[in-house]
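Subject: Structure handover and what was found in it

Dear colleague,

Please find the structure below, together with its sequence. My notes follow, and I would be glad if you read them with the structure open beside you.

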Amino acid sequence: NAQKNGSAELSKLEDASKLVRLEFLNRTYNLKTHMLDFDLRLENISESKVNGPLKVRVLDVGSYVGGVTVKSGDTTTPAEGMVLDFSLLFTDNVLKPGDVTKTIHVRLDVRGIDPFSQLGKFSSGLTPLAILTTKVLAGSFEKPKKPEGQDEEEKNWPGAGPMTSPL
């Protein structure tokens with residue numbers, strides 16, 4: 001039986017993916033260890049206040065160069081389904097318009113072929129090491145006003161839907 005947002009803990013949260021942007025900072029890849037390190041933060045790009053808790057769930061991870069897992073100390077876990085909790089990384093449990101959270105550091109282990117062997121196979125000339133599809137989940141937020149006569153289904157308003165980010 002599938003649960004909303006993938007778990008009982010996340011089922012009470014609302015999809016805020018189009019209101020809050022996930023930003024990738026300080027990306028580095030170590031060819032010897034195959035580790036892709038980066039920092040993540042969230043920015044409220046909407047006109048609405050977004051209330052915590054604030055979490056990011058990784059829905060899918062793709063890679064043209066090999067398998068992707070999360071590395072934390074000596075522990076390796078699948079990246080799909082990973083939940084990053086930003087709830088304590090912003091002030092007063094409210095992310096106001098224009099506010100950004102503090103960062104979370106993420107380390108991915110990308111195993112497979114040498115990513116430089118894929119040069120020239122993509123229009124940008126760069127091979128994405130991993131492509132993350134994520135959903136930003138929030139405790140609550142004020143839904144943007146809909147234009148008169150617009151369909152009331154949630155999937156059509158500007159707050160809903162997963163984001164895809166190449167790394």
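With which residue's side chain does the side chain of Glu23 make a polar contact? Before that is answered, a word on the basis: this is a predicted model, in which local features need pLDDT of at least 70 and side-chain atom pairs count only at pLDDT 80 or more, while totals for chains, interfaces and linings use all residues. Residues are numbered from 1 along each chain as its sequence is written, and side-chain values use heavy atoms, with hydrogens and water left out.

The partner is Arg41, whose side chain lies 2.5 Å from that of Glu23 (a polar contact is a pair of N or O atoms within 3.5 Å; within protein, one must be able to donate a hydrogen and the other to accept it, and residues adjacent in sequence count only if both atoms are side-chain atoms). Glu23 is found in strand 2, and Arg41 is also its bridge partner in strand 3. These two strands run antiparallel and are joined by nine bridges (strands pair if DSSP finds at least two bridges between them). In their hairpin, which has four residues between the strands, His34 takes a positive phi near 65°. Glu23 is buried, with a relative accessible area of 14%, where buried means under 20% relative accessible area, exposed over 50%, and partly exposed in between (1.4 Å probe, protein chains only). Leaving aside neighbours within four places in sequence, Glu23 is in contact with Asp39, Leu40, Arg41 and Glu43, contact meaning heavy atoms within 4.5 Å.

As for the whole protein, there are zero helices and 11 strands, helices (H or I, at least four residues) and strands (E, at least two) being DSSP runs numbered from the N terminus. Buried residues make up 41% of the 167 residues, and among contacts between residues at least 6 apart in sequence, 76% join residues at least 24 apart.

The largest nonpolar core has 34 residues, of which Leu54, Phe86 and Leu108 touch the most other members (such a core is a set of buried Ala, Val, Leu, Ile, Met, Phe, Trp, Tyr and Cys residues joined through side-chain atoms within 4.5 Å). The largest share of this core, five residues, comes from strand 4. Not counting residues up to four places away in sequence, Leu54 touches several residues, including Leu42, Phe90, Val136 and Leu137.

Val61 is found in strand 4 and counts as buried at 12% relative accessibility. The C-alpha atoms of Val61 and Ile131 are separated by 5.6 Å, although these residues are 70 apart along the chain. Asn5, in the segment before strand 1, also counts as buried, at 9% relative accessibility; beyond its neighbours within four places in sequence, its contacts include Arg57, Lys135 and Leu137.

Finally, on confidence: the protein averages a pLDDT of 81, and 77% of the residues score at least 70, pLDDT being the predictor's confidence in each residue, from 0 to 100. Confidence is lowest in strand 11 (residues 163–166), at a mean of 68, and highest in strand 8 (residues 94–95), at 96. Over residues 152–159 the pLDDT is below 50, and this stretch has 21 contacts in the model beyond near neighbours in sequence. Where pLDDT is low, the predicted coordinates should not be read in detail.

With best regards
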